[in-house]
Amino acid sequence: VRRTHTMNRKESCPSVSIPSSDEHREKKKRFTVYKVLVSVGRNEWFVFRRYAEFDKLYNTLKKQFPTMSMKIPAKRIFGDNFDPDFIKQRRAGLNEFIQNLVRQPELCNHPDVRTFLQMDNPKHQSDPSEDEDERSSRKLNSTSQNINLGPSGNPHAKPTDFDFLKVIGKGSFGKVLLAKRKLDGKYYAVKVLQKKVVLNRKEQKHIMAERNVLLKNVKHPFLVGLHYSFQTTEKLYFVLDFVNGGEV
């Protein structure tokens, strides 16, 4: 019986990774937020954590499990905390730390670890293409109306298929993000539009007309083409060719 219980606990441990980080400002303070991707079965969500939160979790667990092997990137006293190479190195260290936790059933089922990964709080699951302001806005305004995406629609696609790397353009309806598709490592420009804005401004016909033009460009050597599109309850996503140095 005891052995079966251990196996069940192992099965409940999630898969985790930290695919990217973002820089934020709040009341003149500048800080880095790390995007933690948590996967349990078919469910995936992102948790956004600062280094201080990782450090707090590490110290809590180290006191309770002093003999367990755990390490976390050290705090930086001197130097630029926002240096890209430093951020990359710290993200790799935090990624190793959090993956080590979920490999050990005693740790991955610890209440503080479950809270850190929001394992018992699915309502906080987040869209990886969102930033802090959009998440706050989404809580206040939401729409569940589906928009007919026609032949470009891919009902199986979802935001977590991509690592969203950076914003490369902004417009009145949304923004364009450089994204790396996890399946094959290919780079795309993903145009993300707020459904609420599109519907409120009655721009659905205009958006669909633009989609039809982009669909015809997929095999054109000099024009940006649309590969496919998909939607969530709040947003429309158009997966486009990424042309470095060009405009979408």
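Q: What should I know before I start?
A: This is a predicted model, where local features need pLDDT of at least 70, side-chain atom pairs count only at pLDDT 80 or more, and totals for chains, interfaces and linings use all residues. Residues are numbered from 1 along each chain as its sequence is written, and side-chain values use heavy atoms, leaving out hydrogens and water.

Q: How many helices and strands are there in the protein?
A: Helices (H or I, at least four residues) and strands (E, at least two) are DSSP runs, numbered from the N terminus. Here you'll find eight helices and eight strands.

Q: How do strands make a sheet, and in what order do the five strands of the open sheet come?
A: Strands of a sheet pair through backbone hydrogen bonds, either parallel or antiparallel. Two strands count as paired if DSSP finds at least two bridges between them. In this case five strands form an open sheet in the order 4-5-6-8-7, with antiparallel pairing. Strand 4 (162-170) and strand 7 (226-231) are at the edges with a single partner strand each, so one side of each has no neighbour in the sheet.

Q: Which residues of helix 2 are buried, and which are exposed?
A: Buried means under 20% relative accessible area, exposed over 50%, and partly exposed in between (1.4 Å probe, protein chains only). In helix 2 (residues 51-64), the buried ones are Tyr51, Phe54, Asp55, Leu57, Tyr58 and Leu61. They cover an arc of only 165 degrees around the axis (taken from the directions from the helix axis to the C-beta atoms), which puts them on the same side of helix 2. Over on the other side, Ala52, Lys56 and Lys63 are exposed.

Q: What do the buried residues of helix 2 pack against?
A: Contact means heavy atoms within 4.5 Å. These buried residues pack against strands 1, 2 and 3, and also against helices 3, 4 and 5.

Q: Where does Lysine 191 lie, and is Lysine 191 buried or exposed?
A: Lysine 191 lies in strand 6 (residues 187-194) and is buried, with a relative accessible area of 17%. The unreviewed UniProt entry has the annotation "binding site" covering Lys191; UniProt positions are given in the numbering used here, feature names are shortened, and annotations may be inferred rather than shown by experiment.

Conventions: Expected span 1.5 Å × (residues − 1).
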